[in-house]
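Please go through these notes with the model open beside you. Each numbered point takes up one topic.

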Amino acid sequence: MLDINLFREDKGGKPDVIRESQRRRYSDPALVDKVIEHDQTWRSASNKVGSLRMEFNALNKQIGQLSKAKQDITELRKKSQTLKADIVKAEEEEKAAVVARENAVQAIGNLVHDSVPVDDNEDNNAVVKTWGEPRTDAELYNHVDLVKRLDIADLEKGVVVAGNRGYFLKGAGVLLNNALISYALQFAYQRDFTPLQTPFFMRKDIMAECAQLSQFDEELYKVTGEGEDKYLIATSEQPICAMHRKSWHEKNELPLKYCGYSTCFRKEAGSHGRDTLGIFRIHQFEKVEQFVVCSPYDNTSWQMLDEMVANAEAFYQSLELPYRVVNIVSGELNSAAAKKYDLEASFPASNAFRELVSCSNCTDYQSRRLDVRMRTAPQPNGETTKEFVHMLNGTLTATERTICCILENHQTPEGVKIPKVLQPFMMGIDFLPFKLELKKEESKKDTKSK
């Protein structure tokens with residue numbers, strides 16, 4: 001969430017900057033005025049509480065003095081009781097004003113960075129870098145057919161057991177999936193990222209501090225049972241954020257760099273009809289995530305964003321997968337992100353680039369709500385400023401999706417070659433031969449719909 005002082009012109013805030021950011025997001029700028037209105041209501045309520053308390057304290061002091069002088073204080077005691085009730089009522093009004101203001105602030109996204117292209121169509125994402133040459137072979141199988149031919153997943157039985165988009169990985173599919181996990185953890189560890197295996201579910205009130213309200217409906221699975229309800233995580237970013245809630249960090253402790261490993265669960269309610277075949281877009285998948293907590297000073301978080309994108313590039317270069325890096329348009333940013341890069345890899349059978357990595361700088365948007373701060377040096381007057389850390393997140397690999405890309409790019413007429421960097425994690429296996437032939441109605445190469 002944004003700093004409330006950004007909405008207060010008398011505190012040096014610039015509400016017009018927030019309005020412009022809302023316009024860039026193709027969101028309602030009038031929400032800024034609602035925050036200002038709720039803040040003024042809170043200020044009035046807070047002033048009222050303060051005035052009543054002062055009057056109450058002064059009256060009680062007077063009562064004490066008169067009582068010592070053996071004077072009648074009956075009427076003053078009645079007035080004191082009335083004031084006490086008025087204070088309780090005013091405090092409740094103040095609390096309600098705070099809740100209304102906080103809800104209004106949370107509806108407003110992070111300030112969009114000036115380097116983000118302003119558009120609401122993801123087709124207009126700005127390509128900032130490319131690597132490798134996509135394959136242009138005339139006869140290529142798509143990843144759906146390759147999974148079938150290699151016999152590395154059972155989708156039909158997965159749907160019977162788990163429902164829509166359910167699957168069983170099997171045989172070499174399991175080995176390849178775990179090879180990607182192990183390689184990604186080693187890759188990140190060698191770059192000073194601390195591995196974390198996170199909880200797979202979170203308490204609702206804690207999840208609410210980390211997730212957007214829209215995610216509860218479109219993305220998150222609710223788990224009921226003994227005790228309070230919980231939610232399955234959609235990414236390890238969520239529990240890693242929560243791990244730091246209400247914490248203080250010394251400047252010399254930062255940055256904190258993690259590679260979070262977890263199974264992730266997503267309803268994908270907003271993607272109905274997209275990528276319904278194969279294991280590209282599924283409800284349950286494994287992911288290794290980069291996550292950084294850093295100083296808000298000296299453009300540190302922007303340097304960290306570049307480092308995380310560079311890590312992702314090096315990872316996919318090592319897998320020999322052609323890709324492009326795109327700067328996501330303002331209208332497609334999630335609320336927390338000030339800027340986001342996607343790494344989109346080539347899927348040559350469909351002649352398309354598809355997202356494998358999203359890497360975002362959320363600045364202090366998440367840390368402010370989670371109350372994660374950096375301790376600052378005392379000022380000459382002895383006071384310290386309240387600075388919130390910056391938080392960033394970025395995919396290293398969502399493994400099932402990466403498998404799809406490996407299959408398409410490393411296929412041969414006889415099977416699929418295993419990238420060299422994965423072979424040590426697959427007991428030296430360097431090639432997966434085709435095991436099954438496709439039925440005639442299934443044998444459709446270069447199928448864009450898949």
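1. The protein has an accessible surface of about 22500 Å². Carbon and sulfur atoms hold 48% of that surface. Areas here come from the Shrake-Rupley method with a 1.4 Å probe, and for residues only the protein chains shown count as cover.

2. A word on the source. This is a predicted model: local features need pLDDT of at least 70, side-chain atom pairs count only at pLDDT 80 or more, and totals for chains, interfaces and linings use all residues. Residues are numbered from 1 along each chain as its sequence is written, and side-chain values use heavy atoms, with hydrogens and water left out.

3. Now the overall build. The C-alpha trace spans about 105 × 50 × 40 Å along its principal axes. The protein has 12 helices and 18 strands. Both are DSSP runs, numbered from the N terminus: helices are H or I with at least four residues, strands are E with at least two. Of the 450 residues, 50% count as buried. Buried means under 20% relative accessible area, exposed means over 50%, and partly exposed lies in between (1.4 Å probe, protein chains only).

4. Next, contacts and charges. Contact means heavy atoms within 4.5 Å. Among contacts with a separation of 6 or more, 73% join residues 24 or more positions apart. The protein has 61 positive and 67 negative charges, and their mean positions are 4 Å apart. Lys and Arg count as positive, Asp and Glu as negative; His and the chain ends are not counted. Each charge is placed at NZ of Lys, CZ of Arg, CG of Asp or CD of Glu.

5. Which strands make up the open sheet of 3 strands? The order is β8-β14-β15, with mixed pairing. The edge strands are β8 and β15, each pairing on one side only. Two strands pair if DSSP finds at least two bridges between them.

6. Look at each pairing in turn. Strands β8 (residues 247-250) and β14 (residues 372-375) run parallel, joined by 4 bridges. S247 has V372 as its bridge partner in β14, and W248 stands opposite R373. Strand β15 (residues 387-388) runs antiparallel to β14, with 2 bridges between them. R373 has F388 as its bridge partner in β15.

7. Helix α10 (residues 300-318) has 19 residues. Its first and last C-alpha atoms are 27 Å apart, close to the 27 Å expected at 1.5 Å a residue. The expected span is 1.5 Å times one less than the number of residues. After α10 comes E320, with a positive phi near 60 degrees. Helix α12 (residues 399-409) is mostly covered, with 11 of its 11 residues buried.

8. Is T198 buried or exposed? T198 counts as buried because its relative accessibility is 10%. T198 is in the loop between β4 (194-197) and β5 (201-203). Beyond its neighbours within four places in sequence, T198 is in contact with I233, S236, P239, I240, Y261 and S262.

9. E156 is in helix α5 (residues 155-162). E156 counts as exposed because its relative accessibility is 67%. E156 and T395 are 239 residues apart in sequence and 29 Å apart in space, C-alpha to C-alpha.
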